[in-house]
Each structure stands twice: as structure tokens, then as C-alpha cells.
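Open the model in your viewer and keep the selection tool handy.

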Amino acid sequence: MCAARLQDLPAWQQVQKQREDWGDAKIADLFDADPERGTHMTAEACGIYLDYSKNWLRQETLAALIDLARERGLEARRGAMFAGEHINTTEDRAVLHCALRAPKDTQICDQGVNVVPEVHAVLQRMMIFCDKVHQGEWLGATGKALRQIVNIGIGGSYLGPEMAYRATRQQRIAGIREHFVANVDGAALAAVLAEIDPEETLFIIASKTFTTLETMTNAHAARRWLVAALGEAAVEQHFVAVSSNDKAVAAFGMNPEHSFGFWDWVGGRYSMDSAIGLATMLAIGSAAFTEMLRGFHAMDEHFRHAELAQNLPVLLGLISVWYNNFWGAQSQAILPYAHDLARFPAYLQQLQMESNGKRVDLAGNPLAVDSGPIIWGEPGTDGQHSFYQLLHQGTRLVPCDLIGFIAPLSEYHDQHDLLMANLFAQSEALAFGRSAEELRALGVPEAQIPHRVSPGNRPSNLLLVDALTPFSLGALVALYEHSVFTQGVIWGIDSFDQWGVELGKVLATRVESDLQGKTKHPHDSSTRALIERYRASRS
């Protein structure tokens with residue numbers, strides 16, 4: 001990691017000069033200067049084709065950004081991560097989510113111990129368990145097959161499995177239906193319990209420590225519901241855990257042998273391919289889950305070995321830095337043109353904003369530049385009839401990633417053609433817009449022309465993927481994981497801790513006790529008045 005102040009680096013200053021010299025150049029001008037730009041500014045790996053030609057980028061801009069990555073030590077930091085060095089410095093931990101999808105014969109060590117054999121031992125236990133459920137060998141307390149799966153978790157223990165369940169709809173095993181509960185609002189659990197039969201339900205309680213307040217509150221409520229229907233002895237057959245706290249698992253009433261562990265060197269938002277993926281494996285089977293791991297690993301290898309100028313995660317990361325730090329873009333839209341990928345923007349919200357939403361660098365010094373952008377989005381074409389108005393004619397800069405799949409996701413192939421036509425058209429419209437002259441040629445009344453002009457020059461990436469499969473899902477997730485890593489290296493931050501979520505949890509515990517009349521902690525006048533109003537209304 002380079003110790004020099006970020007803005008003082010020659011490469012940063014060179015990128016800054018690119019920004020200052022940009023003038024009023026537009027995307028259309030860049031295409032006029034290079035008519036083949038749409039094929040020149042592309043990269044491809046792991047079944048993903050990246051077209052980044054519709055950006056405010058010249059080749060010399062990209063070269064300066066790559067020089068910046070090198071000056072910030074991206075290649076060395078990448079090597080340190082894969083080597084198991086403790087690059088999560090605030091927690092003194094290795095960052096080894098890549099070990100979760102590494103082949104059996106790989107060596108990835110933490111403090112001299114190869115972690116890959118233990119990863120595969122857990123995977124093997126998961127596969128055996130899932131096979132038993134699918135084959136009707138693991139039955140409920142009344143002898144019925146377990147076909148309703150309820151995953152109770154929060155954050156990374158919820159978003160990844162739910163996103164993957166929706167994204168792998170075509171690979172789901174017949175008869176298995178899954179539900180996901182995260183919110184501590186009792187309505188979330190109640191809505192699921194109203195749809196399921198306790199005799200056919202398996203609960204997965206996903207919490208590394210088995211102490212996460214929201215998860216364990218929901219878990220105990222689900223336990224009471226099941227015991228009321230089937231009795232105390234049913235808990236062992238109807239609950240399994242994803243946790244490393246065997247003592248707490250046993251106290252809950254589960255057999256610790258029915259618990260699947262994971263490790264401190266993987267954070268929740270990087271864990272969907274660990275035992276946290278048990279719900280995913282139950283939904284699609286061990287073979288399809290293994291294909292997803294292959295996709296993750298393929299992108300890991302691409303990120304690790306490809307030249308920076310053709311490295312998909314590096315390109316996405318540097319383009320994000322370019323807009324975030326040199327153009328003042330505060331947000332980035334993720335727009336998948338696939339109904340099955342509807343939860344992908346929410347998944348990337350956590351991945352990016354929990355990883356890079358930091359205010360100090362690795363040495364604890366306040367950042368002098370902005371860190372991670374705000375991530376948001378919805379599937380196309382839904383978004384086209386809501387917020388795309390702002391994208392096309394609004395005053396804010398919002399770089400977009402548009403994601404599409406060549407293979408149809410249903411038997412309605414004509415509709416898929418229309419979907420892809422919208423994807424390509426939106427990319428074109430964002431870049432080139434529609435001028436007043438074009439509108440006049442169409443006979444638009446002069447009074448309407450200012451309102452109907454779309455100025456274009458709105459930057460976007462387009463990721464065109466062969467098909468939405470478990471393999472490509474793994475590759476896509478790893479692509480964004482390593483893009484986030486790249487950005488974090490540029491900013492010199494720890495992308496793998498999340499201390500910012502702690503304070504709210506601590507205060508919530510105190511306030512809950514006050515709401516129940518057990519304690520009376522000191523609070524500001526606003527919080528105190530809110531507590532008193534709530535208690536008075538409840539009483």
C-alpha cells in the first residue's frame with residue numbers, strides 16, 4: 001500500500017489533468033473521432049462481455065487510471081489477499097472469500113494453515129444433508145418430507161441466499177419452496193408462517209455467532225410456533241444452523257452436528273458461497289451449486305491474472321472511481337434487464353456500501369476524497385417507467401451499469417427480444433439522446449421542444465452475459481466483489497470491516513429495555529420524548 005497522500009500521487013494528478021482538459025467533449029464526439037469505438041473499448045471474460053465505450057473515457061484517461069491503480073499498489077494488495085495476509089487490519093484478519101470457491105487441490109493459507117480442505121469438508125457435509133432432504137431421507141417429526149425451507153438471517157446471511165434463489169429459478173428442484181425472513185418486524189415472519197405447514201417446514205438459522213439480535217428474535221419466535229404445533233422434540237428435525245457457535249446451537253435445541261460453520265476470514269456480504277448458501281444448495285442441488293462456485297472461481301482467476309487494461313473488475317472499479325472522485329457522481333445505478341435478477345441491486349448495495357462506506361484510511365486518517373458511491377436500481381423494464389425520466393432528463397450525474405442476458409429466461413422468446421431491444425435502446429438513448437433538430441424534423445411543436453429534448457451524454461456500462469446460470473451468477477458476483485476491492489485499494493481503506501453498523505445495534509438494545517420499562521437510560525430530548533410517547537400509546 002502506497003503511503004503517499006492520494007492527491008499528491010503523480011498518477012492522481014494525471015487523472016485530474018484528464019478531467020480538467022476534458023472540456024465540453026461528449027460521448028457522441030468520442031464516437032465521431034473513432035467510429036469503431038464500440039468494439040475497441042470492450043473486454044470479455046467468463047461469459048461476460050463488457051462494453052464500456054459509452055463512458056466519458058479516452059484511451060489516455062484509462063491509461064492514467066491504470067497508472068493510479070499501480071501507484072496505489074493494486075497488484076501487490078491483490079496478491080496479499082490471495083496469499084492470506086491479514087489485509088483486514090482493523091480486525092487483524094485474512095480476507096479469504098476466494099477460498100470458498102477454490103478447487104480442492106488449491107493452497108490458500110491463513111497463518112500457515114491451508115483453509116481449502118476445511119472449506120471442502122463443510123461443502124461435503126452440506127451436499128450430504130441436501131441430498132437427504134431431496135431424496136426424502138431427512139423427514140419431519142411426523143414423517144413428512146420437508147419441502148418448505150425458511151431461511152432466517154439478516155444482512156449477508158439473507159441478501160445473498162434470497163438473491164441467488166430468485167436468480168436461479170430455472171435450476172430449482174421441483175417441490176422445494178423457499179422463504180426468507182430478515183426484518184425483526186414481526187409482520188415479516190408472520191407473513192411466512194401463514195403460508196407454510198409446520199409438518200413440512202425446515203428452518204435454517206443463519207448467524208455466525210448465533211447471537212445476532214434480529215435473527216435470534218425471529219428464530220425463537222419460529223421455534224415457539226413449531227413447538228406449539230409439533231412439540232419440543234420436533235425442533236431437532238425441523239431446525240438446522242449456519243453458525244460457528246455450537247454451544248448456542250445446542251442450547252437452542254439443535255444437534256450441533258446439524259450446524260454448518262464458516263470462518264472469521266469471510267465477512268457476511270462475501271459469504272453467499274459458504275455454508276450461508278445452504279438455502280441455495282437446497283433450492284438448486286449440489287451440482288448446480290458447484291457450477292456457481294466454478295463461476296466465482298473463474299472470475300477470481302481472471303481478476304488475479306488478466307492484464308489490468310483487460311481486467312473486468314479493475315475496469316469497473318476504475319470507471320467508478322473516475323466518476324465518483326473526478327466528476328462528483330454520488331450514486332451509481334445497477335439496472336439488470338432480467339426479472340430473475342431483481343434482488344441483485346439490493347445485494348450490491350450491501351456489498352459496495354458496507355465495504356467502502358468508510359471515512360478514514362487504513363492508518364485512521366480522515367479521507368480527503370469521497371469513498372464509495374450510493375448504489376441503487378431496479379430491473380428493466382420496470383425502472384423505465386419510474387426513475388429513467390431522471391436518468392435521461394434530470395440534472396444529476398448517475399453512471400449506470402446495464403446488465404442483460406443473451407439467452408431467454410422463459411419460453412416467451414419474442415418478449416425476450418423486446419426486453420433486449422429496450423436494453424440496447426436505453427444504452428443508446430443515454431449516450432446520444434435526442435436533439436432539438438431531430439424533434440423539429442419529426443414535426444414536434446416548438447413549444448414542446450425544450451421539454452422533449454434528451455441531451456444524452458449520460459455514461460453507462462453494458463454487461464452482456466451469455467445466459468443467467470449458476471456459473472454466470474457466481475462470475476457476476478465475483479466481478480463486483482473485486483471491483484469493490486479495486487476501489488477500496490485506490491481510496492486506501494479497509495473494505496472488509498463494518499464498524500459503522502455497531503452503534504445502532506448497541507443503542508437499540510438500550511432503547512428496547514427502556515421501552516419495556518426495565519431501564520431508563522439517558523437520551524437526548526427527542527429520543528426521550530419518542531420513547532415516552534410510544535410507551536404511553538402502548539399502555
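**Stop one: the largest pocket**

Select helix 9 (213-230), helix 14 (344-356) and helix 20 (502-515): each gives at least two residues to the lining of the largest pocket. Helices (H or I, at least four residues) and strands (E, at least two) are DSSP runs, numbered from the N terminus. This is a predicted model, where local features need pLDDT of at least 70, side-chain atom pairs count only at pLDDT 80 or more, and totals for chains, interfaces and linings use all residues. Residues are numbered from 1 along each chain as its sequence is written, and side-chain values use heavy atoms, leaving out hydrogens and water.

The largest pocket has a volume of about 930 Å³. Here a pocket is an open set of points on a 1 Å grid over the protein atoms alone, where a 1.4 Å probe fits, with protein on both sides within 12 Å along at least five of seven lines; lining residues have an atom within 4 Å of a point. A volume is the space filled by probe spheres set on the points, which are joined across faces, edges and corners. Now pick Thr 212, Gly 268, Gln 498, Glu 502 and Lys 505, the closest to the centre among its 36 lining residues.

**Stop two: the second largest pocket**

Which helix gives the largest share of this lining? Helix 20 does, with six residues. Show Ala 508, Glu 512, Leu 515, Gln 516 and Tyr 534, which lie nearest the centre of the second largest pocket.

Finish with the open sheet of five strands, ordered 6-5-7-8-9 with parallel pairing (strands pair if DSSP finds at least two bridges between them). Strand 6 (177-181) and strand 9 (259-260) are at the edges with a single partner strand each, so one side of each has no neighbour in the sheet.
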